[in-house]
Each structure stands twice: as C-alpha cells, then as structure tokens.
Amino acid sequence: VEPLPRHRPVPIVRPSSVEKAEPPERVLSTRLEDALDPETARLSGTALHALLQHLGRVDPAQRENVAARALETLLPTAPAQHGPLARKALSIITRPELAHLFGPNSRAEVPFFAEAQRQTKSGSERIRIIGRIDRIVVNPGSILLVDFKSDANPVMEPSQVNPAYLQQLGLYALVASQLFPGQVVKAAILWTSLESLIKLPAAALADAAGGFTIR
C-alpha cells in the first residue's frame, strides 16, 4: 500500500494583515488614544468599532444610554474613555454625509471565505482568504465596502494611503466581485479621527491585489 501523500495545509491569508507594515497597536492609535498604553488603545479601538457596528440600529433617543452601558462591558478598565468614545461614535453615525453607511441598506461586520491563488517568486500557491468587512452598503447596481481606520495621521489623498490598506481593501473588492457578480464594487476608508470618508480608486485597488485571483 502506497503511503498517503503528506498533508500540506492551505495557507490562510487575512486581508487586514497580509503585510504588517506597522505594529498592530498603531492601527488603533487615534489622537484620542495617543496617551494611552497599547492595550487600552487596542481595546478602545475595538470598543469604538463595536459601537459603530450596533448603534445605527438603536432608537436615536436611546443611543446615549445604550452606548454608556455597552462601554461598561467593552472597556471596564478605562472608564475615562467612555465619554469620548461614545461621543465619537454618536458623532460619526449622525453625520449626514455618512448616514448611508449606517442605513437600512448597510450590513455590519460581514464575514467571508474564499479559495484563491497567490503568485509568489517561486510560482503560484493555493490559499484561503478569510476576513470580515466592517461595513457593506448595497446600492442599485453597486456595492460599497468600507473599512474603519483609527490612525493618528489619516490622509485624504488616495495616493498617500498606506499600501497595506490598499491591499486589504483590494482583496475585499476582489472577493466582493465574486460575491456580487455584475455589480460595480467600490471601496473606501472611514477615518474615525476625522469622521471622514476617503474613496479609493478602482485601479489602485486592482494593482494592490494584482497577485491574487479567486479560484
């Protein structure tokens, strides 16, 4: 009996960490969090993401109370951050120019899994792309993918966006093009410190994910 071929696990690629250009704590380092220790900064960023995920579905009259109660659970060790984080989340979701991100046509924290190929210096390898998109907005004929970033030094020129972020959103767009065939896929970053949205050019996203193909 011939022995079974050696099992070779398929590499997992997570778009948010394909290229680690910066220490993990920097990604969640906002101006608000600059003076905090890295762990509190990380938890503060996670708490803000959670508020943005859920508060849009809460009755506006109840949002302040819900945010306060949620932060007691999400960030019990840093009560001084509760007020600023709640105000930041409420300000973002009530901005008129951002309202479509949190409306009835949007979905939060959308997970995905895709079989893919990645080109390497030695050839092509089979991989699995696994991730979670912060926000998807479904419009007639188009899909908008949004990732929340809390950088201390956000930029508003697409050419200045961190290449790792472009690759992350490029991979999201690549997967979404398979999930939503026939739809125009767009991608953007919401800078939470600026409370502003920057849309990323389709060509830049395609270039950033150029070494990947969906199987």
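**Close-up views of a predicted model**

**View 1. Ser106 in strand S2.** Ser106 lies in strand S2, which spans residues 106–120. The model shown here is predicted. Is Ser106 buried or exposed? Its relative accessibility is 7%, so Ser106 counts as buried; the cut-off for buried is under 20%. The side chain of Ser106 has a polar atom 2.7 Å from the backbone oxygen of Gly103. Further along the sequence, beyond neighbours within four places, Ser106 is in contact with His100, Leu101, Arg135, Ile136 and Val137.

**View 2. Helix H2 against helix H4.** Two packed helices are described by the angle between their axes and the distance between the axes. Helix H2 covers residues 38–54, and helix H4 covers residues 82–94. Their axes come within 9 Å. They cross at roughly 40°. H2 and H4 are therefore oblique to each other. The crossing of H2 past H4 is right-handed. Which residues make the contact? H2 supplies Ser44, Ala47, Leu48, Leu51 and Leu52. H4 supplies Leu85, Ala86, Lys88, Ala89, Ile92 and Ile93. Sorted by class, the contact of H2 with H4 has nine nonpolar residues, one polar and one charged.

**View 3. Helix H3 against helix H4.** Helix H3 runs over residues 63–74. The axes of H3 and H4 come within 10 Å and cross at roughly 135°. That angle makes H3 oblique to H4. H3, too, passes H4 in a right-handed crossing. From H3, the contact takes in Arg63, Glu64, Ala67, Leu71 and Glu72. From H4, it takes in His82, Leu85, Ala86, Leu90, Ile93 and Thr94. How many residues of each class does the contact of H3 with H4 hold? There are six nonpolar, two polar and three charged residues.

**View 4. H4 residues in both contacts.** Leu85, Ala86 and Ile93 of H4 take part in the contact with H2. Lys88 of H4 is listed in the contact with H2.

**View 5. The whole chain, for orientation.** The protein chain has six helices and seven strands. Read along the sequence, they follow the pattern β-α-α-α-α-β-β-β-α-β-β-α-β. Of its 215 residues, 43% count as buried. Among contacts between residues at least 6 apart in sequence, 70% join residues at least 24 apart.

Methods: Residues numbered from 1 in each chain as written. Predicted model: local features only at pLDDT ≥ 70, side-chain atom pairs only at ≥ 80, totals over all residues. Heavy atoms only, no water. Axes fitted to C-alpha atoms, helices over the stretch in contact; angles between N-to-C directions. Helix = DSSP H or I, 4+ residues; strand = E, 2+ residues; numbered from the N terminus. Parallel < 35°, antiparallel > 145°, perpendicular 65-115°, else oblique. Left-handed = near helix turned anticlockwise from the far one by under 90°. Contact = heavy atoms within 4.5 Å. Nonpolar A, V, L, I, M, F, W, Y, C, P; charged D, E, K, R; others polar. Buried < 20%, exposed > 50% of the residue type's maximum accessible area, 1.4 Å probe, protein only. Polar contact = N/O pair within 3.5 Å; in protein donor to acceptor, adjacent residues only side chain to side chain.
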